Protein chains: 2
Amino acid sequence: MSDDNGFASPDWAELLDREMRKRWSAVADRTEQMAGSALLAPGKMVRPLLLLHSAEATGGDGAKLLPAALAVEYLHVATLVHDDIIDDDQLRRGKPTVHARYGMADALVTGDFLILNVVTALSECTAVPPAAVFEAARVIASAGADVCRGQVREAEMAGDLTCPVADYQEMAALKTGALFRGACRAGAVLGGADDEHADAVTRYAEHLGVGFQIFDDLLPYLGDATGKPATSDVANLRPTHPVLLGYQAAGQRDRQRFAEALSGRLPAEDAHRLMRALLVTTGALERSRQRAAEEIAAARRSLDGLPGEAAVEQMVRIAEMAIDRSR
Amino acid sequence: MSDDNGFASPDWAELLDREMRKRWSAVADRTEQMAGSALLAPGKMVRPLLLLHSAEATGGDGAKLLPAALAVEYLHVATLVHDDIIDDDQLRRGKPTVHARYGMADALVTGDFLILNVVTALSECTAVPPAAVFEAARVIASAGADVCRGQVREAEMAGDLTCPVADYQEMAALKTGALFRGACRAGAVLGGADDEHADAVTRYAEHLGVGFQIFDDLLPYLGDATGKPATSDVANLRPTHPVLLGYQAAGQRDRQRFAEALSGRLPAEDAHRLMRALLVTTGALERSRQRAAEEIAAARRSLDGLPGEAAVEQMVRIAEMAIDRSR
């Protein structure tokens with residue numbers, strides 16, 4: 001995405017990367033070192049980019065908001081660090097996770113530290129009126145709280161193949177959508193957008209979040225390399241979007257095989273292979289992909305009429321990337 | 001403390017308790033339910049009280065700041081919930097810990113949720129200028145980040161009997177002192193205090209924090225009931241204040257016995273009994289207690305000359321309570 005941003009918007013990805021490195025390469029203590037090791041893994045910085053693009057799409061100036069953009073990434077990475085403890089995942093973005101490297105206790109504290117740095121980072125947006133900075137902090141923290149609600153719901157759903165797809169979607173809107181929403185809305189608020197424009201990027205983010213999560217659920221079955229083990233979802237008994245669609249469409253005999261794949265009794269590799277076969281034969285993979293594409297289309301439509309055209313173009317690209325990670 | 005507050009200040013403890021119950025008794029989902037179960041355990045609300053008293057001691061109006069006071073308790077309880085995961089403690093304040101009751105994954109997320117609610121709660125301080133509210137958020141979040149640094153240092157020190165007492169004190173100032181400091185300074189900031197007064201309550205808090213932590217280290221050996229198992233510190237190989245003093249004062253033979261008590265090889269009960277005997281014979285218990293008393297005296301002195309006399313009196317009481325938990 002950083003190759004052809006056009007004239008109107010700077011290369012935010014590169015600026016963010018540079019800012020992140022500047023802040024976390026030379027560290028004061030072990031806590032910052034661990035936080036840095038989580039933050040400097042090569043992610044796509046989607047959420048910080050969304051904050052900056054949303055500010056510019058709604059008529060604001062992104063250049064003042066780099067610290068706020070980093071703040072959103074801190075929160076996102078904190079949830080990843082804690083997720084990896086919960087799922088006992090050893091790899092993330094192809095590198096050892098914080099808890100694999102430093103142990104559970106330090107990883108847990110590192111996540112807390114990252115969350116608390118959200119406010120510290122926001123306080124560096126000195127060119128923005130304090131009331132707007134605080135409102136952005138509130139929006140981001142409230143999004144983070146919704147992520148927590150989504151994670152708890154997801155855990156409640158574990159192993160439940162009869163879970164309604166609507167419940168799944170509500171969970172995904174919290175677990176994944178909330179932080180996209182927080183990033184976009186905070187960008188609009190910090191950039192001084194009016195309510196109508198702030199609502200537009202918020203709607204964009206909500207659709208993007210659900211589309212993104214559904215596509216994320218598909219990845220283990222598409223053979224894409226994401227750095228995360230493909231077997232993680234079945235190993236954690238997650239009834240993901242394609243799994244729920246497939247189970248609903250399946251006959252009695254296939255339903256038993258779904259149940260077996262999500263029982264935790266098979267070795268993870270076998271369970272994953274069985275699940276993939278079921279998702280293909282039931283057509284669920286294809287229908288999930290279509291559902292994700294519909295959400296992305298709705299996300300794009302939400303941006304119609306916003307003033308910052310170059311930024312809108314970038315947001316459209318991010319939306320397209322959400323369902324085609326090869327971009 | 002709530003029986004004889006005198007005429008000048010309202011019964012903050014009761015007001016806080018009522019506010020907390022109002023907010024967390026009727027809950028919207030499982031996440032709030034778990035957060036409520038952690039928040040409604042009967043604690044002493046020391047940090048929220050410090051915020052309110054600091055506001056009034058420096059000339060502000062505590063009545064506007066109840067949500068901010070709760071915010072500080074959210075952060076404190078979050079650290080307890082996460083600590084209990086790390087230490088695998090099953091009891092806290094005499095009740096099952098969140099992770100004993102709901103499992104590790106949900107407890108971890110509950111802690112995150114509580115941290116994120118800090119900002120939400122602060123946003124309810126609508127009678128305070130936004131710049132002051134955001135500055136309070138920054139002060140509290142930065143204190144929370146220091147708590148994380150302290151926890152990481154504490155983990156680094158595990159099992160190290162040769163750790164200098166100065167390092168211990170720095171760790172305690174972060175792990176325990178930071179949040180007292182954050183509460184007091186945030187109260188002053190929110191109440192509109194001038195810098196000199198804000199600095200005075202900040203110094204009070206720093207001394208209070210270290211004195212409080214040292215006395216906390218003594219509790220397992222004084223036979224006080226704190227709800228936390230008395231063996232927890234030796235089981236987690238913590239070189240606490242009296243242990244470090246005792247080791248330094250001990251001869252070669254007693255040092256070997258200290259090392260044995262903190263080796264993790266003995267059953268926890270035996271290790272604890274051995275440690276207690278060593279702390280008594282080396283005189284370390286008494287000297288630690290004296291050190292704590294000195295910090296508390298320094299805390300009291302820091303309050304000299306502040307305008308809000310009734311609140312100062314309450315802060316003096318809290319300082320005395322820190323080294324005499326029977327009060």
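Modeller: Let's go through the labels one by one, with the cut-off behind each.

Modeller: Some ground rules: this is a predicted model, where local features need pLDDT of at least 70, side-chain atom pairs count only at pLDDT 80 or more, and totals for chains, interfaces and linings use all residues. Residues are numbered from 1 along each chain as its sequence is written, chains are lettered from A and ligands numbered from 1 in the order in which they are written, and side-chain values use heavy atoms, leaving out hydrogens and water.

Biologist: How do you know that the radius of gyration of chain A agrees with a compact globule?

Modeller: The rule is 2.2 Å times the number of residues to the power 0.38, with the radius taken over C-alpha atoms. For 327 residues that gives a value near 20 Å, and chain A has 20 Å, so the two agree. Its C-alpha trace spans about 60 × 50 × 35 Å along the principal axes.

Biologist: And what makes up its secondary structure?

Modeller: Chain A has 15 helices and two strands, counted as DSSP runs (H or I of at least four residues for helices, E of at least two for strands, numbered from the N terminus).

Biologist: Why is Ala311(B) called buried?

Modeller: Buried means under 20% relative accessible area, exposed over 50% and partly exposed in between, using a 1.4 Å probe and protein chains only. Ala311(B) has 5%, so it is buried. This residue sits in helix α15 of chain B, residues 309-322. Setting aside residues up to four places away in sequence, Ala311(B) touches His53(B), Glu56(B) and Ala57(B), where contact means heavy atoms within 4.5 Å.

Biologist: Why does Ser302(B) count as buried?

Modeller: Its relative accessibility is 10%, so Ser302(B) counts as buried. You'll find Ser302(B) in helix α14 of chain B, residues 284-302. Beyond its neighbours within four places in sequence, Ser302(B) contacts Ala200(B), Arg203(B), Tyr204(B) and His207(B).

Biologist: How many residues of chain A are in contact with chain B?

Modeller: 37 residues of chain A are in contact with 37 of chain B. Together the two chains bury about 3500 Å², with 78% of that on carbon and sulfur atoms. On the chain A side, Leu116(A), Phe134(A) and Arg149(A) lose the most area to chain B, together 19% of what that side buries.

Biologist: What does buried area mean here?

Modeller: Buried area is the accessible area (1.4 Å probe) that two parts lose on being put together, summed over both. The size of an interface is often given that way.
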